[in-house]
Amino acid sequence: MMFLQKRNTVRWILIISSFIIVSLILWNTYNFFQKFKNEERAKMEIWANAQQTLIKAPTTAGTDGASVDLELPLKILKSNKSNPMILVSIEGYTQSQNLDEKRENDSLYIQQKIVQFENENHPIEVIDDGEKLATLYYGNSDLLNKLKYYPMALLLIIVLFGSVVYFFYRTAKISDQNKLWAGMAKETAHQIGTPLSSLLGWTELLKTMDVDTSVTSEIEKDIDRLQTITERFSKIGSIPKLEVKDIIAETKTAYEYLEIRSSKRVAFAIDIPNKEIPVAINTQLFSWTIENLVKNAIDAMRGAGDLKITITENDKFVKINVSDTGKGIHKQDFKNVFKPGFTTKKRGWGLGLSLVKRIIEDYHKGRVKVLESEIGKGTTMQISLRKEESMS
């Protein structure tokens, strides 16, 4: 549990750090955008001043008849190659620059552009001695327009990069976990096989002696159970074969076996439909799931309390609820309980519910979740599996 808490702390540190870095990048980009926009406006104001000089040129000739030098204003007016603009005189005449040449005489197009430019930038008035000569409407340059999309492109790159790193890390982690699971499971199955063979021999020997048949019968049941467990472990690491079975009968069989071998202080109850419900399952793995949920419930009740299994159905799914009167689960731990290594017990590996999740969701394409839980009153775990049309 401490390991999970440390891992979550590191995860949050990385998330917060990434958020701060992205925020700083966006803020700097915004500042750069505004600075660039202000520089473009200053350039447009210079252009407007040059236009004002050109408009007033005929009336600013010297007394000796020498004309005003218009070389610089004309050079400034011709220098603008980036910002689209429309100059509207007080008489209503328009002069455009850097627009679609084919549509420069289209009044509707010019009017639409004026509205667009007015939304992008505040118009600049061309004034001389307090007299308004014209109004300059201008739009953002192509470079500035492209710069607007830079933060989104940056965010997309960061998200894509983060996704690649995350999926690479997750895939590598899952692969390592799978190898560990498969190795431990197959080794366990191998280790159980030797004493199991010996027990089979001893059982046959007991049958030849004057021993109560009920005793040997129960021993044989436990040997069958050990063989089932061996098959379970041997199937981990490989894709199990699913067969359409009656989920009611399979659940009842697992329930009855656990009821007989559990403490008498646990009051077992079962509420199931009186009919068959076909579901594609692997018998050994499904019984393992029920066993883990029941044992987990008994541990939560510390060996004494009420345990109930309920099966309901709708048009597409069958739902199996395992309810107990144990200590309950905090709401923030509803998802954590299915993570490998998470446990609230002093003893235990925290693998039972993670195994349940893997069997149900990975192998049977179903769902398992904490349906409800209240501290001090108990918990209900729910398995959902898709129904089949008929028994095979």
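View 1. β10 and β11 (residues 378-386) run antiparallel and are joined by 7 bridges. Helix α9 (residues 352-363) packs on the sheet and touches both β10 and β11. The direction of α9 makes about 135 degrees with that of β10. Contact means heavy atoms within 4.5 Å. Axes are lines fitted to C-alpha atoms, for helices over the stretch in contact, and angles run from 0 to 180 degrees between N-to-C directions. Helices (H or I, at least four residues) and strands (E, at least two) are DSSP runs, numbered from the N terminus.

Residues are numbered from 1 along each chain as its sequence is written. Local features of this predicted model need pLDDT of at least 70, side-chain atom pairs count only at pLDDT 80 or more, and totals for chains, interfaces and linings use all residues; side-chain values use heavy atoms, with hydrogens and water left out.

**View 2. The five-stranded sheet.** The 5 strands form an open sheet in the order β6-β8-β9-β11-β10. Its pairing is mixed. Two strands pair if DSSP finds at least two bridges between them. The edges are β6 (266-271) and β10 (367-374), each pairing on one side only. Neighbouring strands are turned by 15 degrees against each other on average, direction ignored. Helix α7 (residues 247-260) lies across β6, β8 (305-313), β9 (317-324) and β11. α7 runs at about 170 degrees to β6.

**View 3. Parallel and antiparallel partners of β8.** β6 and β8 pair in the parallel sense, over 6 bridges. Ala267 has Asp306 of β8 as its bridge partner. On to β9: 7 bridges join β8 to this strand, and the two run antiparallel. β8 and β9 form a hairpin, with 3 residues between them.

**View 4. Helix α8, end to end.** α8 covers residues 283-300. At 1.5 Å a residue, its 18 residues should span 26 Å, and the end C-alpha atoms are 26 Å apart, which agrees. The expected span is 1.5 Å times one less than the number of residues. Of the 18 residues, 14 are buried, so α8 is mostly covered. Buried means under 20% relative accessible area, exposed over 50%, partly exposed in between (1.4 Å probe, protein chains only). Arg302 follows α8 and has a positive phi, near 55 degrees.

**View 5. The second largest pocket.** This pocket holds about 270 Å³ of space. Its lining has 14 residues, with Lys221, Arg225, Thr253, Ala254 and Tyr257 nearest the centre. α6 (213-235), α7 and α8 each give two or more residues to the lining. The largest share, 6 residues, comes from α7. On a 1 Å grid over the protein atoms alone, a pocket is an open set of points where a 1.4 Å probe fits, with protein on both sides within 12 Å along at least five of seven lines; lining residues have an atom within 4 Å of a point.

**View 6. The four-stranded sheet.** An open, antiparallel sheet of 4 strands has the order β2-β1-β4-β3. β2 (94-97) and β3 (124-128) stand at the edges with a single partner strand each, so one side of each has no neighbour in the sheet. Between β1 (residues 85-89) and β4 (residues 131-138) there are 5 bridges. Val88 has Thr135 of β4 as its bridge partner. Helix α3 (residues 107-120) packs on the sheet, touching β1, β2 and β4.

Definitions and conventions: Points joined across faces, edges and corners; volume = space filled by probe spheres on them.
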